[in-house]
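Have the coordinates open as you read.

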Amino acid sequence: MDFPTSFIGHAFRHVVETGSTNADLARLADTDPNLPDGLVLLADVQTAGKGRQGRTWTSPPKSGLTFSVLLKPDVKPLRASTLPLVVGLAVARAVESLILNCPVGLKWPNDLLIEGRKLCGILCEMRAVGDTVRHIVAGIGINVNLPADAIPPDITSIATSLQIAAGHPFVRDEVLGVILRSLEETFCRWLDDDFPSLLEDIARYDLLRGNRVAIDRGAGLLSGTADGIAADGALLVRRDDGIIEPVYSGDAHLRKPTP
Ligand code: BTN
């Protein structure tokens with residue numbers, strides 16, 4: 001497949017069915033260190049799609065896009081930890097260019113939502129040895145051609161698709177091309193200018209900022225008001241005692257304001 005990019009997707013593999021494109025690509029990259037930067041692995045069906053925080057990712061065959069991109073930036077692991085947000089920003093921009101005035105937003109760290117419903121999930125997995133990043137696998141699952149009546153009843157209130165948002169179906173390969181081009185552009189900006197240069201753009205999509213949130217950090221909940229994203233990618237949460245806490249991992253839940 002030909003994509004309008006200069007390296008991402010130039011090496012491209014397509015499989016009909018696999019467990020998880022993230023797991024496959026990580027395994028391939030571990031065994032072959034010469035695998036090209038920007039290699040994309042696309043699957044029509046995943047039988048063991050991985051989500052964040054040990055969750056799973058499922059989507060009906062061929063209605064969405066499930067793919068992973070191999071990235072090999074020459075940066076330190078700490079800097080690479082901002083990449084999930086960069087990928088989220090890239091996909092948000094791609095969605096906006098596909099659907100004019102689409103109210104797409106980014107829920108830290110990298111869920112994409114439209115009107116409160118999840119459109120896309122992103123899972124970035126890094127392999128580092130000591131202070132060196134070997135590779136990062138950026139996995140993207142996005143609902144494309146799912147009409148409202150094809151969304152399983154148990155998730156109709158929490159899931160959406162490009163088709164639902166736009167009112168028409170899309171050519172999946174074209175959507176993939178738009179996402180890869182946006183990913184390459186955003187990734188190169190991040191490489192050249194670093195993460196803080198993207199913060200203003202990320203803030204435009206930030207769904208949490210100014211809202212009451214509860215962060216599930218495994219060891220208890222942190223409640224407060226989201227106060228934007230820091231230069232190191234942390235979600236800033238202003239606790240009710242006024243102290244601002246940076247959060248580096250966990251799940252953020254929007255809460256109704258306390259009366
Ligand atoms: C999440 O929302 O928790 C992240 C979901 C990420 C799903 C994608 S689909 C392609 C790639 N392969 C996987 O196994 N997971 C990611």
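The notes below go from the ground rules to the sheet, and then to the cavity and pockets.

## Ground rules

This is a predicted model, so to speak: local features need pLDDT of at least 70, side-chain atom pairs count only at pLDDT 80 or more, and totals for chains, interfaces and linings use all residues. Residues are numbered from 1 along each chain as its sequence is written, and side-chain values use heavy atoms, with hydrogens and water left out.

## The sheet

Seven strands make an open sheet with mixed pairing, in the order β1-β2-β3-β7-β6-β5-β4. Strands (E, at least two residues) and helices (H or I, at least four) are DSSP runs, numbered from the N terminus, and two strands pair if DSSP finds at least two bridges between them. β1 (12-18) and β4 (104-107) sit at the edges with a single partner strand each, so one side of each has no neighbour in the sheet. On average, neighbouring strands are turned by 20° against each other, direction ignored.

Inside the sheet, β2 (residues 40-46) pairs with β3 (residues 64-71) in the antiparallel sense over four bridges. Leu-41 stands opposite Ser-68 in β3. Helix α5 (residues 172-193) lies across β1, β2, β3 and β7 (132-143), at about 30° to β3. Axes are lines fitted to C-alpha atoms, for helices over the stretch in contact (heavy atoms within 4.5 Å), and angles run from 0 to 180 degrees between N-to-C directions.

## The cavity

On a 1 Å grid over the protein atoms alone, a cavity is a set of points where a 1.4 Å probe fits but cannot get out; a pocket is an open set with protein on both sides within 12 Å along at least five of seven lines, and lining residues have an atom within 4 Å of a point. Volume is the space filled by probe spheres set on the points, joined across faces, edges and corners. Among the residues lining the cavity are Arg-52, Trp-108 and Asp-251.

## The pockets

The largest pocket has a volume of about 890 Å³. Its lining has 38 residues, with Arg-55, Thr-56, Trp-57, Asp-111 and Lys-118 nearest the centre. Elements supplying at least two lining residues each include α1 (21-31) and β6 (117-129).

The second largest pocket comes to about 420 Å³. Of its 22 lining residues, Ser-81, Pro-84, Pro-109, Tyr-248 and Ser-249 are closest to the centre. β6 gives the largest share of that lining, five residues.
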